[in-house]
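Please view the sequence and the model together before reading on.

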Amino acid sequence: QDWEQRQEEDALLIERILLLLRNVLHVPPDPAEEQGVDGDASVHDRVLWALHISGMDDLLKFLASAQTEQQWALHVLEIISLMFRDQSPEELAVLGQGQAAAEHGEDTRELETLRQRELAEKRARALQRLSRHSRFGGSYVLQGLKAIGDRDVVFHKGLHNLKSYSHDLGKEPRRVPRRRQA
C-alpha cells in the first residue's frame, strides 16, 4: 500500500516486523552451541539465507531506497549493520574482487577457446575453397516472367542481383541529341 492509504495499524505492523527482524539478527553467536564442521554455515548465516529466500532482503532494499519510506530508515540501517556483523570490510572487499577476477579469468579463457575454434574452422573452410574464383554466378530461369516470345527469362547474374532485375538490364539507353533535349 502507498503511505497515504495506510492505516495506523499497518504502520505499527511494519514497525513490529522490522523490530522482530532486528531482534532475531541481534542474537549473539554461541560457539559452544554451534559445534559444526569448519566451513559449515553458522546460525546467523542460515538466518540470512532464509531472509534471502523469502525475499525480505529485497523489501529491506526497497525500504532503504524509497523516498516515501524514510521513516523506517534507521530500523533498516540497524538491520543491515546486524546482517554484516561478523564480516570485516577488508574481507568483504577482497571477497568481491577475488570472485570478479576469477569470473573474469574464466570468461577470458572461454572466449579464447571459442576464438581459437572459430579461427580453425575459418582455416579449414579456406583450405576447402579453390584458389581461383569462378566468375560464373550461374544461370537461372525466372518462371512467370516472359522474355521475347513465349519463353521464360534466363537470368545470368547472381541471385543477389535478382531484386534489381528489369528487361532493360544491359541495354544502352537511347541517346537524345542535344538540340532535341527538353
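The model is predicted, so local features need pLDDT of at least 70 and side-chain atom pairs count only at pLDDT 80 or more, while totals for chains, interfaces and linings use all residues. Residues are numbered from 1 along each chain as its sequence is written, and side-chain values use heavy atoms, with hydrogens and water left out.

**Nonpolar core**

- The largest nonpolar core has 12 residues, among them Leu18, Leu48, Leu60 and Trp72; such a core is a set of buried Ala, Val, Leu, Ile, Met, Phe, Trp, Tyr and Cys residues joined through side-chain atoms within 4.5 Å.
- At least two residues of this core come from each of α1 (8-26), α2 (43-54), α3 (56-65) and α4 (73-83), and α4 gives the most, with four residues.
- Helices (H or I, at least four residues) are DSSP runs, numbered from the N terminus.
- Leu51 touches Leu21, Leu25, Met56, Asp57 and Met83, residues up to four places away in sequence not being counted; contact means heavy atoms within 4.5 Å.

- Asp57, Leu60 and Leu63 are the buried residues of α3, where buried means under 20% relative accessible area and exposed over 50% (1.4 Å probe, protein chains only).
- They lie on the same side of α3 because they cover an arc of only 120 degrees around the axis, the arc being that of the directions from the helix axis to the C-beta atoms.
- Leu59, Lys61 and Ser65 are exposed on the other side of α3.
- The cover over the buried residues of α3 includes α1, α2 and α4.

**His44**

- His44 is found in helix α2 and counts as buried because its relative accessibility is 7%.
- Apart from neighbours within four places in sequence, His44 is in contact with Leu25, Leu82, Met83, Arg85 and Asp86.

**Largest pocket**

- The largest pocket has a volume of about 250 Å³, a volume being the space filled by probe spheres set on the grid points, which are joined across faces, edges and corners.
- On a 1 Å grid over the protein atoms alone, a pocket is an open set of points where a 1.4 Å probe fits, with protein on both sides within 12 Å along at least five of seven lines; lining residues have an atom within 4 Å of a point.
- The lining includes Asp45, Trp49, Phe84 and Leu95, and α2 supplies the largest share, five residues.
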